[in-house]
Structure formats: structure tokens, C-alpha cells
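Q: Could you walk me through a few features of this model, one at a time?

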Amino acid sequence: MLFAVLCSATLALGAPDASRNMPGAEVPRHYEVSVRLDVPLSLGIVLTSVLGVYQYYGMSKISSSDLKPKSELLPWDRPFAGLYSGWATTVSHYSGALAVAPLALAGYSWYKGDADGHDFGAFSLMFVEAFALQNALNQLVRSTQLWPRPYIYAERGEGRKKAESARGEAYGSFYSGHASAAFTVAVFTGEWFSEIYPNSKYKSLVWASSLTLAGAVGVLRVVAGKHYPTDVVVGALVGTGVSFGVLKLHEICKKNISFWAIPGNIGAIFYF
């Protein structure tokens, strides 16, 4: 439903008007969306998300006898097995508020007249696509229950209490969804600022601040005992990769790319 609303709003914002068709009137476009790209892409993301949610909430609790021993964890992850921090868990959860950063920045640019409604709508759609896709991929991978969260190995204290009441999802730590989401937000924040304000002296600062905050979220998840360093690093790479992938797809869209699908077959056509 959200994808449909965004698609409709974006196409409406991008509809031509009389002033834009006047001789000499030219409105630069920073981002482009199209029915032939975004409808099948959004449909694919929705289907992946449904499968991810189904498998994620179907994760079952693993008995202590079947629990992967610490010795089977990656060498650099083993020291973190048994770690738990309540305050870091809480702070890392509240970090989700940072997800509004790219859209808030885009909205501010639109309000100030530095970007138009078309760019704002297209950018919002791309951000939602990337955010939803990275989340769906995370749920699919975590549902394989490659290894449990660090706090599951806690032997005493609050960590032990949390482990005893843990649900099935706690037995799938790989990889960090928070880190993946944080780096998706960071990439889109930096991308918007770089695209709309290419000559700004603050461009490097925006990128550095965004990536630093995303990295801090990853560190908090490790301190919280929710993830291992490997989970965070992979999550960061997935979030970054998905974000640049969605952005690149729409950049290619400007150069004519068309997705097509028929029963039993799917593909893409490139025009040069």
C-alpha cells in the first residue's frame, strides 16, 4: 500500500505543467522514477518482504543441547559471547528515529526551493524501496539462524534472564538489521546533500557525520550483546550496497532501462 501511494504521488509530482513546457523553461531533474522500473521493483520488494516476515516470525527457540558452542563462532566474535547491556539496547532502539533524516533533509530542501516536488517524491520512493529491501533481506538471512545472539550465552545477571525469556528470533544473530538500516539512512542522507548541494563546503561533513552515526549504531548493538562484530560489518555492507544499488538503478533508468515480466520469465531491456 505504501509503495502504491508513493508511486502515485511521485508520478503526480512529476507530471508536466504549462510553465515547464514554456519555451526556455527548463527544470533540472536530479532523480527519475518510472512505471517500467519502479512498479516491478516495488512488487518484487513486497513479495520478498512477505517471505521475510513469514520466515522471521516462524523462527523457533533452540534448546540448550542444540545450541552452537562458542568454539564454533568466528575467532574475533567469541570474546563477545555472553555480553549484554540494557542501556545500550535501549539507546540502539531509539536510534531508529534517525531514519527520518534523509526525508527531513529532502523536505527542507523542497521547502527552501532548492529542490522540487518531483525530486522529493522520487527520492522518497527510492529511500523506501532501499529501506524495505534491506529489511526483507535481513529477515530472510537471520531466519536461517546461523548463530545465536551474544547474550544467549550469558551465564548470569540480566543477560541470563533475557536469554531465558528469549524468543526464536534471538537465535538468529547474523546479520545486524540495525546496522543495515543505519547505513541505508547514512547513504541516502549523504547522497541527497551531495546531489542537491554539490558545491557545498559541508558535503564532506554531512557524509562523515552520517557514516559516523551509522557506525555508532553498530557499536551499540555489539555493546548491547545483540550482535557480533561480524554481524555489524556485514549489515553495514548490505545496507550500503542495497542503497547504492537502488540509486544506481534509477540513474541507469535515465539512460533507458526497462523491466519486463511474463509468466515464468523475467528480465530487463537496456536501450543505448
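A: A nonpolar core is a set of buried Ala, Val, Leu, Ile, Met, Phe, Trp, Tyr and Cys residues joined through side-chain atoms within 4.5 Å, where buried means under 20% relative accessible area (1.4 Å probe, protein chains only). This is a predicted model, so local features need pLDDT of at least 70 and side-chain atom pairs pLDDT 80 or more, while totals for chains, interfaces and linings use all residues. Numbering starts from 1 along each chain as its sequence is written, and side-chain values use heavy atoms, without hydrogens and water.

Q: Which residues of the largest nonpolar core touch the most other members?

A: In soluble globular proteins, nonpolar side chains tend to be buried together. Here the largest core has 27 residues, and Tyr31, Phe123, Met126, Phe188, Trp192 and Leu247 touch the most other members. Two or more residues each come from H2 (35–56), H4 (101–112), H5 (117–142), H7 (177–196) and H9 (229–253); these helices are DSSP runs of H or I, at least four residues, numbered from the N terminus. H5 gives the largest share, nine residues.

Q: What does Leu247 touch, leaving out residues up to four places away in sequence?

A: Contact means heavy atoms within 4.5 Å. Leu247 touches Tyr31, Met126, Val187, Phe188 and Glu191.

Q: Where is Asp77?

A: Asp77 lies in the loop between H2 and H3. Beyond four places in sequence, Asp77 touches Trp147, Tyr228, Pro229 and Thr230.

Definitions and conventions
Buried means under 20% relative accessible area, exposed over 50%, partly exposed in between (1.4 Å probe, protein chains only).
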